[in-house]
Amino acid sequence: MDTEPSPAGAGRPDGPPVRLGALVPLTPPGWTDAGRHLLAGLDMAVDEVNAAGGVDGRPLELTVRDTAADPHRAEAVVDELAALGVSALAGEYHSVAARAAATRAEALGVPFLCSSAVLDALTGQPTESIARIAPAQSHGWRLYADFLLGAGHRRIAVATEPGAYWASGAGVLRDHLAPHGGTVVGLGARTLTPDAVCDALAGSGATALLLLVGSPEPAVSIVRSVRGDRRLSGILIGAPAGQPEFGSWAASLGCDGAAIPFLRYLPERLGPLGARVEKDLRERLGEAPSFVALEGYDTVTVLAHVLRSHGADRARVAAAWSGVSVEGTRGLIRFSRTPGIGVRQWAWAPVQVADRDPSDPGRFRVLHTG
């Protein structure tokens, strides 16, 4: 689908558009809440760029395609957008889809600024054409492990589904907890029913259960089962991948979805730009915007800066990441080479461990920062 063009008005840019391709999960099994928020941020930034005169007098145009979190579909979408002549690609939330898109984009010579996917190995080898705004999984999940250790948890159970992202996250936790006497117990959420997860958890000696699974299912069903099991009343449920960030989580679980710590990429307090963007996104979405919406806004803000300073030629855009210095909604965005990561990385977006307040599940509490 294509986004609707902005209404014409005084001072609007004209001429041939500068096209950006946007990869967004808009249908299941993608996390559609994340996709909707990501697209809202991308769209809003495009509207603001055009209201300010576009890119050298040309309108910026967003061509949106749904990846549905499917890596094969993501590859096909990159092929299609490249053939349409986009100057760069933006977006994507799911790591497996983003990795497939990044690999294909690199092969085609199309620069890609990834908004939200965190898998460290976004590409198989170092590349100059791909950059990322979201922090790498190893960075955020180590901070989450620090939170668990600080709260006294040493034996951690993980209900996990197969997949590179979940396996990578479990590995980060295991490696970071081990030097501190921590252990990780794996529970296969693909083979165990939610009730069977509870039985295994009750006999595991674990004091925390982390949900390394898709949302809403099986995450919602596992939470309901654990919350309803008297044997597990003292167990902490955690969701480092961020499932509780979105409104559908609270709508599905109510108070049962509160007090489940998760990662979000926000500072303790937004500055003037972030506060203004958050307010405007709230009006667009009809609900509080997630950090994912801010990631989308920041992505287009960076790309507009690069297009204005280097032109719309793909090779010039791809070569521009190292010189970027752009004020985003959550801080100054600059890209660098980070050990173990093959793409140009913003190191780092601010990180929080937060949860929903049991007394008011619509309110978030910040438990740990990094």
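Reader: In S9, which residue is the bridge partner of leucine 209?

Author: In this predicted model, leucine 209 has isoleucine 237 of S9 as its bridge partner. Strand S8, residues 208-212, pairs with S9 in the parallel sense, and three bridges join the two.

Reader: What is the order of the strands in the open sheet, and which pairing do they show?

Author: The open sheet has four strands in the order S7-S6-S8-S9, and the pairing is parallel. Strand S7 (183-188) and strand S9 (236-238) stand at the edges with a single partner strand each, so one side of each has no neighbour in the sheet. On average, and with direction ignored, neighbouring strands of this sheet are turned by 25 degrees against each other.

Reader: Which strands do helices H4 and H5 lie across?

Author: Helix H4 (residues 137-150) lies across strand S6 (155-160), S8 and S9, and runs at about 160 degrees to S8. Helix H5 lies across S6, S7 and S8, and runs at about 150 degrees to S8.

Reader: How should I read the buried residues of a helix, and which are they in H3?

Author: The general idea is that an α-helix has 3.6 residues a turn, so residues three or four places apart point the same way. In the present case, helix H3 (residues 95-108) has 14 residues and reaches 20 Å from its first C-alpha to its last, close to the 20 Å expected at 1.5 Å a residue. Its buried residues are Ser95, Ala97, Ala98, Ala100, Ala101, Ala102 and Ala105, and what covers them includes strand S1 (18-24), helix H2 (71-83) and helix H5 (164-177). Just after H3, glycine 109 takes a positive phi of about 75 degrees.

Reader: Which residues of the largest nonpolar core touch the most other members?

Author: As a general idea, nonpolar side chains in soluble globular proteins tend to be buried together. Here the largest nonpolar core has 77 residues, of which Leu60, Val302, Trp321 and Phe335 touch the most other members. Helix H10 (residues 291-310) gives the most to this core, with 11 residues. A second, separate core of 24 residues includes Ala157, Val185, Leu211 and Ala219.

Reader: What does tryptophan 321 touch, leaving aside residues up to four places away in sequence?

Author: With those set aside, the residues that tryptophan 321 touches include Phe112, Leu113, Ile130, Val302, Val306 and Phe335, and also Glu128 and Arg344.

Reader: What does UniProt list for residues 17-351?

Author: The unreviewed UniProt entry lists them as "domain: Leucine-binding protein". Over residues 17-351 the chain is 41% helix and 17% strand, with the end C-alpha atoms 36 Å apart.

Technical notes. Residues numbered from 1 in each chain as written. Predicted model: local features only at pLDDT ≥ 70, side-chain atom pairs only at ≥ 80, totals over all residues. Heavy atoms only, no water. UniProt positions renumbered as here; feature names shortened; annotations may be inferred. Expected span 1.5 Å × (residues − 1). Buried < 20%, exposed > 50% of the residue type's maximum accessible area, 1.4 Å probe, protein only. Contact = heavy atoms within 4.5 Å. Core = buried A, V, L, I, M, F, W, Y, C linked by side-chain atoms within 4.5 Å. Pairing = 2+ DSSP bridges. Axes fitted to C-alpha atoms, helices over the stretch in contact; angles between N-to-C directions.
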